[in-house]
Amino acid sequence: MSFSAWLELIASGLITGGIYALVALGLNLQYGLMRILNIAHGEFLMLGAYLTWMGHESFGLSPLLMVPVSFLVLMALGLVVHRLCFRRLTATSPNLDIFEARGLMVAFGLMFLVQNFASWMWGGDLRGYDYLADPVKIGEAQFAGNKLLVFGLALVFSVALILLLKLTLLGKGVRALMQSPVGAQLVGIDTQRLHPLMFGIGLGLSGVAGSLLSMAYTITPSMGEPYTVTALIVITLGGFGSMSGALAGGLLLGVIEALGMQFTSPSLKALLSYSVFTAVLLLRPRGLFSK
Amino acid sequence: MNNRQILVRDLLVLLAFAGWALALPHYGSEFVVSMALTCLMYVALSSSWGLFCGSTRYMSLATSAFFGIGAYTSAVCLGQFSWVESILLGAGLSAVVAVVMGLAVLHLRGTYFAVLTFGMTELIMHAVTFFEKRFSGTVGRVLTVAPESDTIYITMLLLAVLAVLASILLRRSRFGLALMGIGADEQRAQTLGVNTRLVKTAGFALTAAFGGAVGAAMAVRWTYIDPHTVFNPFIGFQTVLIALIGGAVTLWGPLIAAIVFSVLAETLRLQFPQIYMMSLGLLLILCVLYLPGGLASLRWDTFQGWWQAGRQWARSWRAGERKNG
């Protein structure tokens, strides 16, 4: 294989990886911060994708304009879901283990609810629209314009979130909450307000991811589950709760998949990512980059 | 009631259920019998799930892996071996896989365990798909040799009765108590001299054996199987759902919930598949939030508790209204 072919392979892996990292952001926030393993994450992503598609098809809005709209809509939905389910769950669960198990079950319920709502509302067909589908030439290699745009925006959102957590007072509060919920409460951080807010932002981010994905891929009501699994793999690679870890993990997974598919066969893609996932969970359950 | 009386009562109830189910094919229509078969399948799966996962609180999502392994075993073996042998082989193979899996993952607790068992199920499914495509040259398999439908029904009934019987007897044995002890506090159980690793692996293998046997028996009923139908994670989810909604720690909970579910599924699923799934999701959420002990923990006091909580909520809401307005 020539040098430029290698470069193209790795670049396409990185582009997929950037999208993986974006998909994982919201879930990472919810699990790392609140121990809510939101298995319905992919379904909310699918809602964001459908919102964008509807905005584009029915009202002729630019998909880029729909990105903040789906963020806000899903964030509002997140606040409602938190108020209805997780607030009561936090209040009634005797300890964190039980809270996690019950939260997982509630998330399964949400998954059935949202996925079937979508297929009832929009039908099970494949949907999609053309947006910036022309190839862009960079050096020798060619990439689809919309995928490059999605990759760029994915990096922007990931870095913005990392900076938000690192630099602002809100971010400091959130990180304190990740380290020790009780300690955070003791120093006067308002967990009652921070929890719903962060759950909402987590769902909002999944909406953003869905909105961006709809620009480059076709969408169906059942598209969510593979993305949930990818997000799970990415955050296990990066370590639960670590944003920069998730970014690195996502990029790494993208490159591993691209290389693996090149050298074995494309039908092995799912097998490959599940093997990576199981191996990491078994050998390094705290994430690849933990000390 | 003392311990012995409870044992006798449980055994009598089981006997009554089994007798009723045994008589069903003689007067019920074909539709009713097929519904009863699905029901028995979920009784066996969720009772055996509750046996290990309910008492130790290790939430396994791997039921569909064992189900699929059983189904494939009977699909491959039924030509050479007899019906009973194929089912035993399916159960045995699933148990072996469970022992290997258990040794690898049973030191992880909580969400890690649930997620990892789910991942391993998908891994097995994709591995089987790949193997079939590469070496067998086909994705699905058609089962040409099949026993009569009466035989399948009686086998499934036997498996369901065995699963419930096993949970009745196990909770009185040292082994069952050790499982309960692990569920309550694993470290304490270990300190008190329970070999937790051995007990957990054995319990997991027992659950898996039931899953494999049920899969082996169900495969002939479906006549055509492929990895996506028999390793369908939904089989695992629904088992967990039934056990949790019924009450995973209780004896009769999974059985009650399985009956409720099968009736709901057969009546709603054909006409309104999405509505069925949506109500399933809603039911699960409501159950986890308001009835964490499951249907079997439903007593007169529960309704009273809800009524009082509702009144209290209304009162505080009205008070807030007065303050604001």
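**Figure 1. The loop between α2 and α3 of chain B, with B:Arg57.** B:Arg57 is found in this loop of the predicted model, where helices (H or I, at least four residues) and strands (E, at least two) are DSSP runs, numbered from the N terminus. The phi angle of B:Arg57 is near 60°, a positive value in a residue other than glycine. B:Arg57 is buried because 20 other C-beta atoms lie within 10 Å; a residue is buried with 20 or more other C-beta atoms within 10 Å of its own, exposed with 12 or fewer, and partly exposed in between, the C-beta atoms being placed from the backbone. This is a predicted model, in which local features need pLDDT of at least 70 and side-chain atom pairs count only at pLDDT 80 or more, while totals for chains, interfaces and linings use all residues. Residues are numbered from 1 along each chain as its sequence is written, and chains are lettered from A and ligands numbered from 1 in the order in which they are written.

**Figure 2. The loop between α9 and β2 (224-225) of chain B, with B:Thr223.** Phi of B:Thr223 is positive, near 55°, in a residue other than glycine. B:Thr223 counts as exposed, with 12 C-beta neighbours inside 10 Å.

**Figure 3. Packing of helix α3 (residues 63-77) against helix α9 (residues 196-222) in chain B.** The two helices pack at an angle of about 50°, with their axes 6 Å apart; axes are lines fitted to C-alpha atoms, for helices over the stretch in contact, and angles run from 0 to 180 degrees between N-to-C directions. α3(B) and α9(B) are therefore oblique to each other (angles under 35 degrees count as roughly parallel, over 145 as roughly antiparallel, 65 to 115 as roughly perpendicular and the rest as oblique). Among the residues making the contact are B:Phe66, B:Phe67 and B:Ile69 of α3(B) and B:Val214, B:Met218 and B:Val220 of α9(B); residues are in contact if their C-beta atoms, placed from the backbone, lie within 7 Å. By class, this contact has 12 nonpolar, 8 polar and no charged residues (nonpolar: Ala, Val, Leu, Ile, Met, Phe, Trp, Tyr, Cys and Pro; charged: Asp, Glu, Lys and Arg; polar: the others, Gly among them).

**Figure 4. Helices α2 (residues 41-59) and α4 (residues 96-122) of chain A.** Their axes come within 9 Å and cross at roughly 25°, and α2(A) and α4(A) are therefore roughly parallel to each other. The crossing is left-handed. A:Glu43, A:Phe44, A:Met46, A:Leu47 and A:Tyr50 in α2(A) meet A:Met111, A:Val114, A:Gln115, A:Ala118 and A:Trp122 in α4(A). The contact comprises 8 nonpolar, 1 polar and 1 charged residues.

**Figure 5. Helix α12 (residues 253-268) of chain B.**

**Figure 6. The side of chain B that touches chain A.** The contact takes 30 residues from chain B and 32 residues from chain A. On the chain B side, α5 (110-136), α11 (233-246) and α13 (273-290) are the elements that give two or more residues. α5(B) gives the most, with 14 residues. By class, this side has 22 nonpolar, 6 polar and 2 charged residues.

Key
Contact = placed C-beta atoms within 7 Å. Expected span 1.5 Å × (residues − 1). Left-handed = near helix turned anticlockwise from the far one by under 90°.
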